[in-house]
Amino acid sequence: MTTTIDNPVMRPVTTVPVPTATYLTPDGQLVSSVPVGASYADDHTHLEWGDPLVPGAVVLDEQVAPRASWSGVVRAGQVLTIVDVGGNQSGDCLLYNAQHTDERYSAPDTLAWQDNAYIRTGTVLRSNLGRALMTVVDNEIDRQDTIGGACSRESNTLRYGHHVMYHHGCRENFLTEGAKHGLGMRDIVSNINWFMNVPIEEDGALGIVDGMSAPGRRVALRAEIDTLVLISNCPQMNNPCNDFNPTPLRMIVSEPDTDLEYEADS
C-alpha cells in the first residue's frame, strides 16, 4: 500500500510506502506491522503499580507495555481497575457487548444521559442502544475524557507533519487488538481516554494539555453486562497525553467482596 504526499513546499510530489496495520505470521500469529518507538527510561521514571481499587478476589492481573494494546472480557458484576503506573499515561478505551459486538460504547449517549461532558465517579458508560455497559464506581482523578478521540497515523501526519507518518497511534492499536475479536475499521468508534486531560472552555474550545494524574492513580469500572474492553496504551509522542514518556498500565479484574456503593461526583 502507498500514499501520495503533495507538499507545496517540497516539490515534486512523492509516493512513499505505508505499512498495513496488521498481518498474519506463518504460524498464524496476528501482529502489527507498525514500528514501536520510544518508552520510559527505568532510571528516570517513578512507577507505582497500585492495587485493586475495589476489595475482592483478583481473577486477572496483567500489565500493558508502553505503546502496546490489550483486551479482555469483564464479566457482569466484575470490576476492572486500571492503574496509571507512571502517571499521566493516557489509556484509550473502547467497550463492546461481549456477546454481540454490534452493541458498543457510545460517547454521545453516555454524555447526553448524564448531562455532563466529563466522565466521573457514578458515570454510566452507555452503548449505542442506550444500555449500561459499565459504571465508574471509583475514580482517583478529577475528571476523565471521552471527547478528545484517538490518535492515528493519519491524524499525526495532519497535525504534526509527514515526518511522523511512521509513529503508530491508538487507532492502529485498536485495529490490531480488535482483529483478535473479529473487529475491523467499521467497529472503531469514539473512545474514552483514561487519565488524559482535555479541558473544555466556556466557548466550547478544548485542548490536550498537561495531565492531572500521577503514578499509581486508578479508575474502577463495574461491568453491567459481559463487556469486551479494548485498551491502547497511547503511543503518542507529539503532545502531552502521556507526558512525552510512555509508561505501562496495569489491568486488574476482581470479583468484589460486597455490593458496591459509591457517591457520584457532582
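How many bridges join strand β7 to strand β14, and in which direction do the two strands run? In this predicted model, where local features need pLDDT of at least 70, side-chain atom pairs count only at pLDDT 80 or more, and totals for chains, interfaces and linings use all residues, strand β7 (residues 79–84) and strand β14 (residues 249–256) run antiparallel and are joined by 6 bridges. Residues are numbered from 1 along each chain as its sequence is written, and side-chain values use heavy atoms, with hydrogens and water left out.

Strands are DSSP runs (E, at least two residues) numbered from the N terminus, and two of them pair if DSSP finds at least two bridges between them. Leu80 has Val253 in β14 as its bridge partner.

Val219 belongs to strand β12 (residues 217–223) and, at 0% relative accessibility, counts as buried (under 20% relative accessible area, 1.4 Å probe, protein chains only). Beyond its neighbours within four places in sequence, Val219 is in contact (heavy atoms within 4.5 Å) with residues including Leu80, Thr81, Ile82 and Trp194.

Two arginines lie over ring faces, as tabulated here; a charge sits over a ring if NZ of Lys or CZ of Arg is within 6 Å of the ring centre and within 35 degrees of the ring normal.

| Charged residue | Ring | Distance from ring centre |
|---|---|---|
| Arg126 | Trp113 | 3.7 Å |
| Arg143 | Tyr118 | 4.9 Å |

How values were computed: Helix = DSSP H or I, 4+ residues; strand = E, 2+ residues; numbered from the N terminus. Buried < 20%, exposed > 50% of the residue type's maximum accessible area, 1.4 Å probe, protein only.
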